[in-house]
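I am opening a notebook on a structure that is new to me. I will go through the strands, then the helices, the core and a few single residues.

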Amino acid sequence: MRKATALREASSITGRATVGFLATALFLNAALSWGQEKASQPSRALGEVILPPPQTKGGLSLDEALARRRSIRQFTSQPLTLAEIGQLLWAAQGITEPNKGLRTSPSAGAMFPLEIYLLAPDGIFHYVPKGHRLERLGNEDKRRALAGGPSGASYLREAAVDIVVTGIVARTTVKFRADESTRYMQFEAGHVTQNVLLEATALGLGAVCVGGMSDAKVRQIIPLAAGEESLYIIPVGRPR
Ligand SMILES: Cc1cc2nc3c(=O)[nH]c(=O)nc-3n(C[C@H](O)[C@H](O)[C@H](O)COP(=O)(O)O)c2cc1C
């Protein structure tokens, strides 16, 4: 894991990439990538963002991140950089072994039932591990809607991004019994979430894992596939 200061320097080299940068990056990438997406499969995506390559050396030690991690529920209004967003999503599900597509988080039978979404000020995005990229699914800021309006959970509204972990258990039942598969998928959501919490800590950001959320509300906001269910939400931002 890498020190927040070093990462911020790297971001400034790439042009002070903030979440607002997503719009520009999408504009530049859409023309190149969209034809390919459409040719391979019917897609929900309105465009895509290639994330900066993850940093895999140096920085905060794992022990330091473990010692420092705390649930943070109050955030400043400062956005995250694109490099920080990329690093968080890589920690969640980034590919670390290209031959089999193995990832930063373990998965029972390597069936990978989980999907990761990002609610940011400028839209809704889906993380695609292959190619370390984001697909845009919507243009609106849905953090407030996820929180349940102005009186809802303030951490979901105020976080720079809300990371939503979902799962499709049918991917795991190909290999395991139904009861095992449900359990494994939930374990995996825990692995992913802990990775994100530790990465946030290593980047000097604040985060909390939220299990008390409404699957119905997530469904109203994110176009989930049939059989896909929401499992965890991780608001992440700069600690206030
Ligand atoms: C399964 C699970 C669900 C949680 N759900 C919520 C939640 O809905 N809202 C919240 O504010 N914190 C939630 N938390 C965070 C806990 O409140 C927090 O981990 C606990 O108070 C210990 O504090 P620490 O994380 O700083 O060590 C959840 C934690 C876990 C493990």
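**Entry 1: the β5-β6 end of the sheet**

I began with β5 and β6, which run antiparallel and are joined by five bridges. The model is a predicted one. I looked for a facing pair here and found Tyr127 opposite Leu134 in β6. The hairpin of these strands has four residues between them. One of its residues, Gly131, has a positive phi near 90 degrees.

Next I checked how covered β6 is. It spans residues 133-138, and five of its six residues are buried. I then followed β6 to β1. The two pair in the antiparallel sense over four bridges. Glu48 has Glu135 of β6 as its bridge partner.

**Entry 2**

In what order do the strands of the open sheet run? I read β1-β6-β5-β4-β7-β9-β8, seven strands with antiparallel pairing. The edges are β1 (47-50) and β8 (206-207), each pairing on one side only. I noted the general rule that strands of a sheet pair through backbone hydrogen bonds, either parallel or antiparallel.

I then took β7 and β9. Strand β7 covers residues 161-168 and strand β9 covers residues 228-237. They run antiparallel, with eight bridges between them. Val161 stands opposite Val236 in β9.

**Entry 3: helices on the sheet**

I looked up which helices pack here. Helix α4 (residues 82-93) packs on the sheet and touches β4 (114-120), β5 (123-128), β7 and β9. The direction of α4 makes about 160 degrees with that of β4. Helix α8 lies across β4, β7, β8 and β9. Its run is at about 10 degrees to β9.

**Entry 4: the core**

Which residues touch the most other members of the largest nonpolar core? I found Leu118, Val161, Ile163, Val196 and Val236, in a core of 57 residues. Helix α8 (residues 178-202) gives the most to this core, with nine residues. In soluble globular proteins, nonpolar side chains tend to be buried together.

Leaving out residues up to four places away in sequence, Val196 touches Leu88, Ala91, Ala92, Ile163, Ala207 and Ile234.

**Entry 5: around the ligand**

I listed the residues around the ligand. They are Arg70, Ser71, Arg73, Val208, Cys209, Val210, Gly211 and Gly212. By class, the shell has three nonpolar, three polar and two charged residues.

Most residues other than glycine have a negative phi. Ala110 has a positive phi, near 50 degrees. Phe112 also has a positive one, near 45 degrees. I placed Ala110 in the loop between β3 (102-103) and β4. Phe112 is found in the loop between β3 and β4 too.

Why does Ala110 count as exposed? I found 12 other C-beta atoms within 10 Å, and a residue is exposed if the count is 12 or fewer. Phe112 has 19 other C-beta atoms within 10 Å, so Phe112 is partly exposed.

**Entry 6: Ala170**

I then turned to helix α7 (residues 170-173), where Ala170 lies. Ala170 has 16 other C-beta atoms within 10 Å, so it is partly exposed.

**Entry 7: the chain as a whole**

I finished with the totals. The chain has nine helices and nine strands. Of its 240 residues, 45% are buried. Residues 24 or more positions apart account for 73% of them.

Technical notes:
Residues are numbered from 1 along each chain as its sequence is written. This is a predicted model: local features need pLDDT of at least 70, side-chain atom pairs count only at pLDDT 80 or more; totals for chains, interfaces and linings use all residues. A nonpolar core is a set of buried Ala, Val, Leu, Ile, Met, Phe, Trp, Tyr and Cys residues joined through C-beta atoms within 7 Å. A residue is buried if 20 or more other C-beta atoms lie within 10 Å of its own, exposed if 12 or fewer, and partly exposed in between; C-beta atoms are placed from the backbone. Two residues are in contact if their C-beta atoms, placed from the backbone, lie within 7 Å. A residue is near a molecule or strand if its C-beta atom, placed from the backbone, lies within 6 Å of it. Ala, Val, Leu, Ile, Met, Phe, Trp, Tyr, Cys and Pro count as nonpolar, Asp, Glu, Lys and Arg as charged, and the others, Gly among them, as polar. Two strands pair if DSSP finds at least two bridges between them. Axes are lines fitted to C-alpha atoms, for helices over the stretch in contact, and angles run from 0 to 180 degrees between N-to-C directions.
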